[in-house]
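Look at the sequence and the fold together before reading on.

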Amino acid sequence: MGKTIKLIKNRSDIGAGTRGSDLGIDAIEIAAINQDSDYFNQFEFEDVRTHNESIYDKNRSSSAKRIEHVVEQCTRVCNAVKKNLEGNYFPIVLSGDHSSALGTLSGIKAAYPEQNIGVFWIDAHADLHSPYTSPSGNIHGMPLSAALADDNLSCQNNDVAPETQQHWEDMKNIGYKGPKVLAENLIYFGVRDTEEEENKQIEKLHIKNYKVDEVRFRGLQKCVSEALTKVAHCEVLYISFDVDSMDCDMISYGTGTPVPKGFDQYEIIAMINQIIETKKVVCIEFVEINPLLDTKGNKMAETAFEVLEAITSELSVPIE
């Protein structure tokens, strides 16, 4: 029996530095309506309760802003993903900011504790900071550090309060105690805007980053095939798609941290669909659509919906 798609809607932006990505899901739904698509009537969905009111709280930790609330939010996402995976659903997680990915990965690991998870991180950013290294304190730049359970203390820049340290330890152990993914099973596509601390981590952990120029020069299909070979031992795969992996000048600035010289939507669709063909993908996440920053109307959400529709067609398996 094939898995039934379930949409997990997580309207949270408390891990970001700029407000508005919590509206990204509604913007995608508006894009569907404007295209006369009944996409959002075709699938069951679940709304994850949010903690967005916490943005009005005074930040007690400048090295990890609102971390106690992000831990709660990621725990909610973790529980939703785990429950749906165990219920034989295929979760498509539509989130606000990228800190949610830690919750999603934790839920996958909780559902498959004995299995290796291969992670395809399609993003302009490495998201490898920790409270000890982050220049901004925004936790949407930290999910992979938490998932890898690696604080990068050799590059420590920040003094971290004991309370924040405890919340960070809690964050690393959501759903499953210890790392959710091994560095050898993490692959970047499109990462091109990093800080020195992250570059040192990428080098130390030998994380492969397929940059846009390499993908175009060597060929997308070849690069994805090579990446799939690298994680061939992984029993399950997770795809995290941050829309800032796309070229902001070509597509839209409707995301919190836009970066030029990225992929176009057709490359993203081809990339994700080739990974889906392995039949190992158990969850896909879309993040960081911010309609408040879109200078082209609702262009980013429209493009994200184009990707969503195309990859869902590849995912859809008739139930016997």
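Apart from neighbours within four places in sequence, Val70 is in contact with Ile14, Gly15, Lys65, Ser99, Ile139 and Met171, where contact means heavy atoms within 4.5 Å. Val70 belongs to helix H3, residues 67-86. Is Val70 buried or exposed? Val70 has a relative accessible area of 1%, and therefore counts as buried (under 20% relative accessible area; exposed is over 50%, partly exposed in between, with a 1.4 Å probe and protein chains only).

The model is predicted, so local features need pLDDT of at least 70 and side-chain atom pairs count only at pLDDT 80 or more, while totals for chains, interfaces and linings use all residues. Residues are numbered from 1 along each chain as its sequence is written, and side-chain values use heavy atoms, with hydrogens and water left out.

Helices (H or I, at least four residues) and strands (E, at least two) are DSSP runs, numbered from the N terminus. Eight strands make an open sheet with parallel pairing, in the order E2-E1-E3-E8-E7-E4-E5-E6; two strands pair if DSSP finds at least two bridges between them. Strand E2 (44-47) and strand E6 (208-210) are at the edges with a single partner strand each, so one side of each has no neighbour in the sheet. From one strand to the next the twist averages 20°. Within the sheet, strand E3 (residues 89-95) and strand E8 (residues 281-287) run parallel and are joined by three bridges. Leu94 has Phe286 in E8 as its bridge partner.

Next come the helices. In helix H1 (residues 24-34), the buried residues are Gly24, Ile25, Ala27, Ile28, Glu29, Ala31 and Ala32. Their cover includes strand E1 (4-10), helix H2 (39-42), E3 and helix H11 (299-315). After H1 comes Asp36, with a positive phi near 55°.

Helix H10 (residues 265-276) lies across strand E4 (117-122), strand E5 (186-189), strand E7 (236-242) and E8, at about 170° to E7. Axes are lines fitted to C-alpha atoms, for helices over the stretch in contact, and angles run from 0 to 180 degrees between N-to-C directions. How do H10 and H11 lie to each other? Their axes come within 9 Å and cross at roughly 25°.
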